[in-house]
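Here is a friendly walk through one protein model, written for someone who would like to find their way around it. Please keep the structure open beside the text.

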Amino acid sequence: MSNPKAARLGLILDVDVKVSAEWKELAGALAASAADFFLKGAGEAASSGVSGLIKFVSSLKANPSPGYRAWNLAVVSFAWALDQMLPDSDRSAAIKSIKKSVEKSRISAENDGVFLPLDFIERPTNFQLYVNLRNDFILNTYENLDQKSINELKYKIDSSFSVAIFEILSKRMDNFKSIVDALGIPGAASAELSLSWTTYRSKLIYDFNAKPLFGQEDTNISLSQLYVPLRGFWPKENKEEDYHYIESDRELNSNVVIIDDYICSWSFEDDNEDWLRLIGGGPGSGKSTTLKSISSRLAETNSIRPLFIPLQHIDLHKDLRESINSFFVDSSDSAFTQPPLSRASVEDGAPLLLIFDGLDELVAPGEAAKDVVGTFANRLNSLVSALSGSGARTIKVVVSGRMPAFQAATRYLTPRPHGALEAYGFLPVEGSGSDDDPLWKIDQRPTWWGQYARLTGQGAALPEAFSNERLSGITHEPLLCYLLVLAGFATEHWELAAENRNRIYAALIGSVYERGWGDGTSKRLGPGRTLSKPDFNKLMETIALAAWLGGDARVASEEKFEESIEITDAKQAWSSFCEDNGNDVTNLAMNFYFKASEKNQRGFEFTHKSFGEYLAARALLYIAEDIREQVPKRSDYAMRDWFRATKTGGFTLEMLSFLRDEIRLRVSEVKDNSEIDKIVDLKSQFQTLARKASVEGFPVSMTALQWRIMEIEHASAECSLWSIINSCARALGEYGYKDKSLVKMNWIDESELSDILIRHSRFDTSGIINRCLSYVDADDQKLSNLRLHDVNLEMASLSNSLIISCTFISGSLAGANLEGCRIYDSRVEDIDFSKSKLEGSVFHASKIRQCNFMEVTGDAITMSPMTLISSTSSIFHQLGSRLHLMVTSEDSLERVSEGVQERLKILGSLNTVERHDLVED
């Protein structure tokens, strides 16, 4: 090895042999990398693509000089970086530019040596050889780019180059020992840990700034290029902190911030007591993308070590620290060879920011979200205490999750009022209160479209789809906004997408099939080349069902896939695929938006959970349609088959929404009454199964060896029955078939519905059953001691029913028939009674708050004095003269008035004490 010549801030390494890596060899390495990368899918981690480069640099001749190795390392990594970010249309021109740049650097290296900066291991993009290669390439290839686009391009190439360098060094450090020795890096173990963190930082930056976004494998558009910073809010002081206050006032009564800026600024604060931030939002609201943006942003500095932890891969049954360390060390593409939360790593490194993404994904079917979040909260508190060393070190934590898990976390982790932010989408907030903060007035959709249009060469004018109110529910959410354009609905036929979002997902799946294995013709070019579109759809649904039955709608195992083939009757489709490609499901899965799952060594993970939820809901509908035909003659077999198809799946609100939209799609597109008759019959036959499940139960599962497990499985299957029934009823009612929409169960006694709801309250943690009661015929039923949060009884019939000691919070009875209904000793809050029938209804000793009674019918709506005293005054304004006071004799009103006055006097004489730690349940 030649003696390096000292240079300011670096070393000049002689190249003591002629650089012999000709373009043919380099191109071969690049081709191997590209083939490996695209074979496994662009959604996978960078190390898959780097494997070809690792093979190349490992094959260099024996004992070359450090300068020779440094030149090869830089050139090969640069070529791979270009491979990752270049659209296919730019490749021919790029190859010519690369040849010129490489030849220029080769001559320079042979004549003048290679200048290696001392911080090369930490900041490889400071390597002047690379900088020259990058700048020459951009100058030769993109002559007409504006400065913003040039800077964007440089950043993407830098991100990919850093990942390639660190991956190669971390996997083949022995090949580059001469470089490490030349730089004088001390301590092998310490250097290895430092390199692991540096490699990990580069991956965080690469994943956000350079890795192609799903659906952009051809254009190589990255997440950062489309990202619009998300807003978040929390309630202002002295405002009601309960999440059930009037929806239209929530944002205007809240503080609003840009989440990225807010979290990053807080990360650098020294207040160890203020260590937690929670971020909540619905599916596709941008939570995970925001956390990736924050991770990438903080990875650019050495002042903080961000650690992005996907909770779907964390085993909560283990010690949290142990589980996190295991995930990062054992993952096949991990940058870490040593635990990132080891004592040496924590004590010797920069302050940690632990970013936990997907709190809701810890919850398995049958588990109560509040219990799982409570367990996580206890373990997180213990972890932070252990890592911080009783406050000696700064440890900060961010946790994200969908709203139910987020709300549970606010109770168990008790962050400061400004520490729990709810994500808000792209639309502006209307109202006079928005003048208080200009952030609420911003419509972010034009910004998002402008970025997308610039990158894809489309017109800058905002399409009508992004401004029409009918699509506001879609264009408000970042994920759905992207899927809208990916599916082709942004500029054409957007009205169809507005009517039903399932059309967006269906169009995406169709486009995947068309391009999945070739040119879209009947003669396909890759695995499954003879697979028909119906068979492709069935196999995708089978994978999704496997994930759902495995307890996670995002991740599917091969074992569950094989089980689900029987359930979905996909044997023929699977055989057709296997004829072309053998029985390797990998080649099937990787043609959709999947990546390999670290949770299961032979499993697959949807890029976004909503894909799995949509396909699983569609699979259940097809299964239901098959089972429908069995019910009249073989109801026991139907019960068995439905139980097998649903017993281990946990229905979610998102799956229910997809299922409803899928049946709505069927009803809206009917061509004759026979199609409607099928939906009516599906509802009718599943009502039969639901009654059978209520009275007799499902067949006993021989695989469940514990009563608790059997109860959970029964509840899951029964809840799924009600989801099908309710989805049919709602679709029929919405599209004008109201005479066929009522759910008539022929109850065996007056308490049967109440018994079903009580039974499910123990297992149905998402309250799905509460949302599946619209259009139900519950006349003369007795509901008692129920806690019905987010209940939906729209268009239901509860005439002459009796409701005793129940809690109704945040829900709807709009259009319901409540004639003669008696409501005693109950709490009714934030319920929509609009257009309901209330003739002869009685409210006694109940509390009614923030309810909507607009356009109700009935002239004899009776309320007891205690009800009126404890209820909000809006009742009087909405019901007016139709409201009657319940009295038992002529002098009762006077005696009630006297009683109230007496109690007010007693109340005024009591001592008072302020308490702020009590939150009304």
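Predicted model: local features only at pLDDT ≥ 70, side-chain atom pairs only at ≥ 80, totals over all residues.

Residues are numbered from 1 along each chain as its sequence is written, and side-chain values use heavy atoms, with hydrogens and water left out.

**A covered strand**

Let us begin with strand 10, which spans residues 420-424. Helices (H or I, at least four residues) and strands (E, at least two) are DSSP runs, numbered from the N terminus. Five of the five residues in strand 10 are buried; buried means under 20% relative accessible area, exposed over 50%, and partly exposed in between (1.4 Å probe, protein chains only). In a regular strand the side chains alternate between the two faces of the sheet. Here Ala-420, Glu-422 and Tyr-424 lie on one side of strand 10, with Leu-421 and Ala-423 on the other, and both faces are covered.

Strand 10 has two partners to look for. Strand 4 (residues 231-235) runs antiparallel to strand 10 and is joined to it by three bridges, with Gly-232 opposite Ala-423. Strand 6 (residues 276-280) runs parallel to strand 10, again with three bridges, and Ile-279 stands opposite Leu-421. Two strands pair if DSSP finds at least two bridges between them.

Next, find helix 25 (residues 609-628), which packs against helix 28 at an angle of about 80 degrees, with the axes 10 Å apart. Axes are lines fitted to C-alpha atoms, for helices over the stretch in contact, and angles run from 0 to 180 degrees between N-to-C directions. Helix 25 and helix 28 are therefore roughly perpendicular, a term for angles of 65 to 115 degrees. Among the residues that meet are Leu-621 and Ile-627 from helix 25, and Leu-682 and Phe-686 from helix 28. Contact means heavy atoms within 4.5 Å. The residues of this contact divide into six nonpolar, one polar and four charged.

**Salt bridges**

Side chains of opposite charge can pair when their charged atoms come close. The structure holds 32 salt bridges, each being a side-chain nitrogen of Lys or Arg within 4 Å of a carboxyl oxygen of Asp or Glu. Three of them are listed here.

| Salt bridge | N to O distance |
|---|---|
| Lys-571 and Glu-566 | 3.4 Å |
| Glu-752 and Arg-691 | 3.9 Å |
| Glu-711 and Arg-762 | 3.7 Å |

Glu-711 lies in helix 29 (residues 707-734) and Arg-762 in the loop between helix 30 and strand 14 (782-784), so this pair ties together parts that are 51 residues apart in sequence. Glu-711 is partly exposed at 32% relative accessibility, whereas Glu-752 is buried at 4%. Lys-571 is partly exposed, with a relative accessible area of 46%, and Glu-566 is also partly exposed, at 42%.

**A buried serine**

Where does Ser-162 sit? Ser-162 is in helix 6 (residues 147-171). With a relative accessible area of 11%, Ser-162 is buried. Not counting residues up to four places away in sequence, Ser-162 touches Pro-124, Thr-125 and Ser-202.

Notes:
Parallel < 35°, antiparallel > 145°, perpendicular 65-115°, else oblique. Nonpolar A, V, L, I, M, F, W, Y, C, P; charged D, E, K, R; others polar.
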